[in-house]
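User: Could you take a close look at one part of this model with me? I would like to go through its side-chain contacts.

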Amino acid sequence: MVNSIQGAYGFQLSASNTPLQPCELPVLHPGPDELVVQVAGCGVCHTDVGFAFDGVPTRHPLPLVLGHEISGRVVAAGEKASDWLGRSVIVPAVIPCGSCPACRVGRATICRQQFMPGNDGHGGFASHVLIPARGLCAVPEPLPSGLTLEMLSVIADAVSTPYEAIRRSGLRQEDVAVIIGVGGVGGFGVQIAAALGAAVVAIDVDRERLDLASRHGAGLVLDASSTDLKSLKVAVRTFSKESARKGIGLKIFEMSGTPAGQTTAFGLLDHGAYLAVVGFTPRPVELRLSNLMAFDATARGNWGCPPDQYPAALKLVLEGKVALAPFIEFHALEEAPAILDAVARHALRHRVVLKPDHSKENH
Ligand SMILES: [Zn+2]
Ligand SMILES: [Zn+2]
């Protein structure tokens, strides 16, 4: 039985607004309820950008290895977690404690004792990560052709977070879903909404993203860079009529994480609408909140996705209802500093997955 890992390395943030630095990790020795995952892939999220460049504080003090979108293989495990040894897993971005009052009433994502890799401890921009052995999502093997374990890393956040937002909205076949921002998260949001049978509108400012969305579930794509809010509203209303859905109120999902996207999302509210805030920006927007009252509308956010929903999100991927390959690009872990910079500049169209090279390791 393997109970510690030596020679692990990663890329850490030492101070806000400085590049990530390579670092060696101390010997990873899991406690009884912990395990070590050899990272297959780790997605890069705008939350990482927030930590690195926007002054959003990590809960664990710096220096800290970032990265919370992890898939990999369990290579060391404490005595109570030994069943996981050798298994392929997706590590939830938010690992709740499972026993506090929030967890007990089904609000696991706001558990105050939660562990988020790359926020509460070293994360997945690394060869290995030490995590609690709770809430892991087992990956069945062999995988269907076209899927790899490193691709599945994006389920840990970019797929599961929109999945949870859509699940909470109660989206059904009778509904029209409007996804704003169809990049690294929204591209999956479009597919999940379409998989549930809804008619889907995709709104973005990038033509290539819109083209991709139209090939993967969107019935209508709208370019917000050349269409004002009034015209967007007319187009969405026309599409709703033509698609003959009986659901009351639009289900609007803000996935761009930009002030412009948030403003558009709020501006599209109609009677009985539901607005989900999925994207993150630290910048404020000015809204007339009374529109919620006037439209009898609902607005809601979600901090990730509870682990018990991961298997359902994974199933959509395994069944081919949510395609990953067209929406992600791989880079070597060593490129982490430059990649984080590029993600911050919105210079990459796809969700980036960092891949460590394990070929030179001997365990
Ligand atoms: Zn994230
Ligand atoms: Zn808890």
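To begin, is Lys315 buried, exposed or partly exposed, and what is its relative accessible area?

Analyst: Lys315 is partly exposed, and its relative accessible area is 47%. Here buried stands for under 20% relative accessible area, exposed for over 50%, and partly exposed for what lies in between, using a 1.4 Å probe and protein chains only. Before going on, please keep in mind that this is a predicted model, where local features need pLDDT of at least 70, side-chain atom pairs count only at pLDDT 80 or more, and totals for chains, interfaces and linings use all residues. Residues are numbered from 1 along each chain as its sequence is written, chains are lettered from A and ligands numbered from 1 in the order in which they are written, and side-chain values use heavy atoms, with hydrogens and water left out.

Lys315 has a partner: its side chain forms a salt bridge with that of Glu319, at 3.2 Å from N to O. The term covers a side-chain nitrogen of Lys or Arg within 4 Å of a carboxyl oxygen of Asp or Glu. Glu319 is partly exposed too, with a relative accessible area of 40%.

By this rule there are 15 salt bridges. One of them joins Glu141 and Arg73, again at 3.2 Å from N to O. Glu141 sits in the loop between strand E8 (137-138) and helix H3 (160-169) and Arg73 in strand E5 (residues 69-77), so this pair ties together parts that are 68 residues apart in sequence. Helices (H or I, at least four residues) and strands (E, at least two) are DSSP runs, numbered from the N terminus. Both ends are partly exposed: Glu141 has 45% relative accessibility, and Arg73 has 31%.

Glu174 and Arg172 also meet in a salt bridge, at 3.4 Å from N to O. Glu174 is partly exposed at 32%, as is Arg172 at 47%.

Now to the rings. The whole structure holds one aromatic pair. In this pair, Phe188 and Phe327 are tilted, with 5.6 Å centre to centre and 55 degrees between the planes. Rings of Phe, Tyr and Trp (its six-membered ring) pair if their centres lie within 6.5 Å; planes under 30 degrees apart are stacked, over 60 edge-to-face, and the rest tilted. Phe188 belongs to helix H4 (residues 186-195), while Phe327 lies 139 residues away in the loop between helix H9 (310-318) and strand E15 (328-332). Both Phe188 and Phe327 are buried.
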